[in-house]
Amino acid sequence: MAEKRSLGKEFSKGLLIENPVLRLVLGTCPTLATSTSMVNALGMGISVLIVLVCSNTVISLLRKVIPSKVRIPAYIVVIASFVTMVQMLVKAFVPTLNEALGVFLPLIVVNCIILGRAEAFAGKNSVIASAVDGVGMGIGFTMALLCMSTIRELFGNGTLLDGASTSILALFGVTKFNGVDVFAHLPIEPALIFILAPGGFFTFGLLMAFANKIAESKGKSKAELRGCASCPMAASCSLLLSGEKEDVLSKNPRAAVPAINSEEVAK
Amino acid sequence: MSDKKMLTASLSPHIKSPKTTTAIMLDVIVALIPSLVAAVFIFGYRALAVTGVTVGTCVISEYISRLVMKRRNTIGDLSAVVTGIILAFNLPSTIPLWMAAFGSLVAIVVVKQMFGGIGQNFVNPAIAARIILMVSFPTAMTASFPNAFAWKNETIDAITSATPLAALKSGGEIPAIRDMLLAKSGSLGEVCAVTLILGGVYLVIRRVISPVIPLFYVGTTAAIMLVYGAVKNENAVMFMLCQILGGGLLLGSIFMATDYATSPISFKGKIIFAIGCGVITSVIRLFGNSAEGVSFSIIIMNILVPHIDRLTTPRPFGTVKEKKHKKASDEKEATA
């Protein structure tokens, strides 16, 4: 990376301005799937945080050893080893989390955030900077998940931190507190849709708008989906480089129509 | 001066209809009133309370959301009132009033105003709200349909029963055709087929809606039901009539599928849209878990409307068919 940033900046950029979920729009699938309850979100966030920091560190250490042509498989092997370790730990110490997350725990291997950070950052930067980047991005991911799951659990299930005593929090000594039933004393009942997929997308959209607003007020551009071009792998994607896939915007029919018309007028 | 005015050519359209949005919406409200009266007659004042809450919440939330978004206020066009009435027609009369208010809020703020207000909504706000309510509160939305006229009996709890469609699905007792035409168990607005048809005829005469979508929608459903009934060796005609009159098909086809913003523009497009609605409704009713499929079929077809419109774009007079044109240019490219 050409520009050198301070370690503090490497850490803080992941929290909001380059938040992996809300600003880089990475890891959307596990975000939507595991943010149905705060406890699950916390478990998922911490698992990803651990894998991300470890993989970033090791990949940064190996960056001069790995030939660039086989770097993606090499990264995957490194990430997979850490995911396996985390999965074994979760199975041993927090079996409820393992059940709740199901396939999304092993799927951290192919999580865009981790691979994206390896490709975009750890493969090019020093060990300490990569580790700090991993911590910042991991905390950013956890925070985004927690924001989403707070909204979804509160309005969809009427509770906050339900099932905390058997969750990952139990490792930190939370054994008597088992969540708050917010809606128990209200005359209304929670709307199930927030737990389901549509409510997840809705909450995700609102939070993205909110994060965009904050980033805009700090002078950053909006996070926009530009098809393949917005992918963090875009610079090295063989399909994109060979022209098999194109930037969606350049193919947008709406944008193309006035251009054709003006040509005709010119003739 | 006046000569100059005659010579000034403005941009098209040059011929303007005197119809305004407000006038059209007023016509729709007039067409909905007989069904509302029937609902109050059948379910009691509770029906009026539900309608009042939905209409009130719709108008207030439209006013506030336009104010917050700093846009021109549009409550004067009465579209929020229509959304409110149609949403109420989709709810059982026993629904808690706060749920009705929540549904109205979703319809106006999320489905309509967040996408740009009247004419910009990609699905019908009332149907989207109904589906969100149904997914969020399945018991309140489907479990307790009071019997027609149960409110007049002096029992404390209104006697509830399955809707004709649910009875048909589970093999229960099917009400007589006369009951289904006039008063049956169900959501507020779907229980009196006669007033719905009356409202539809009024709208067609006033040229507010074209009869294409309702006719093809009901026709497709009727044809599929007839075939299915015949294959199953039942009384096919009775089965078909029960399917058409027993649920929300008339309400959906006349008042919800014909929404301007969410139905195709061309004649051909309207036919495709209506047949699609009819097929999806029949498939959900016959082979799905749910007894009713009108709202889901309309919302699915609503989402397809932009594609239907693109496929059925009418060819401007005197132009070459685009397909041939494209083929010719493709061949040219290939040879070059």
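Visitor: How many residues does the contact take from chain A and from chain B?
Guide: Six residues come from chain A and five residues from chain B. Two residues are in contact if their C-beta atoms, placed from the backbone, lie within 7 Å. By class, the side of chain A that touches chain B has five nonpolar, no polar and one charged residues. Nonpolar means Ala, Val, Leu, Ile, Met, Phe, Trp, Tyr, Cys and Pro; charged means Asp, Glu, Lys and Arg; the others, Gly among them, are polar.

Visitor: What should I know about the model and its numbering?
Guide: This is a predicted model: local features need pLDDT of at least 70, side-chain atom pairs count only at pLDDT 80 or more, and totals for chains, interfaces and linings use all residues. Residues are numbered from 1 along each chain as its sequence is written, while chains are lettered from A and ligands numbered from 1 in the order in which they are written.

Visitor: What makes up the secondary structure of chain A?
Guide: Eleven helices and two strands. Helices (H or I, at least four residues) and strands (E, at least two) are DSSP runs, numbered from the N terminus. The order in chain A is α-α-α-α-α-α-α-β-β-α-α-α-α. Chain B has 16 helices and zero strands.

Visitor: How do you know that the length of helix α4 of chain A agrees with its residue count?
Guide: The expected span is 1.5 Å times one less than the number of residues. Helix α4 (residues 71–93) of chain A has 23 residues, so it should span 33 Å. Its end C-alpha atoms are 33 Å apart, which agrees.

Visitor: Which residues of α4(A) are called buried?
Guide: Tyr75(A), Val78(A), Ile79(A), Phe82(A), Val83(A), Val86(A) and Val90(A). A residue is buried if 20 or more other C-beta atoms lie within 10 Å of its own, exposed if 12 or fewer, and partly exposed in between; C-beta atoms are placed from the backbone. Their cover includes α3 (38–61), α5 (95–101) and α6 (112–122) of chain A. The buried residues of α6(A) in turn pack against α3, α4 and α7 (127–157) of chain A. Among them are Ile113(A), Arg117(A) and Phe121(A).

Visitor: What share of each chain is buried?
Guide: In chain A, 36% of the 267 residues. In chain B, 42% of the 336 residues.

Visitor: Why is Pro96(B) called partly exposed?
Guide: Pro96(B) has 15 C-beta neighbours inside 10 Å, so it counts as partly exposed. Pro96(B) sits in the loop between α4 (79–89) and α5 (97–112) of chain B.

Visitor: Why is Gly116(B) called exposed?
Guide: Gly116(B) has 12 C-beta neighbours inside 10 Å, so it counts as exposed. Its place is the loop between α5 and α6 (125–136) of chain B.

Visitor: What makes Lys70(B) and Arg207(B) worth a look?
Guide: Most residues other than glycine have a negative phi. Lys70(B) is not a glycine, yet has a positive phi of about 55°. Arg207(B) is not a glycine either, and its positive phi is about 60°. Lys70(B) lies in the loop between α3 and α4 of chain B. With 6 C-beta neighbours inside 10 Å, Lys70(B) counts as exposed. Arg207(B) lies in the loop between α10 (193–205) and α11 (212–231) of chain B. With 11 such neighbours inside 10 Å, Arg207(B) counts as exposed too.

Visitor: Which residues have the most contacts inside the largest nonpolar core?
Guide: Ile85(B), Ala107(B), Ala128(B) and Ala129(B), in a core of 80 residues. A nonpolar core is a set of buried Ala, Val, Leu, Ile, Met, Phe, Trp, Tyr and Cys residues joined through C-beta atoms within 7 Å. Helix α2 (residues 21–43) of chain B gives the largest share, ten residues. A second, separate core of 53 residues includes Val39(A), Leu105(A), Leu145(A) and Ile151(A).
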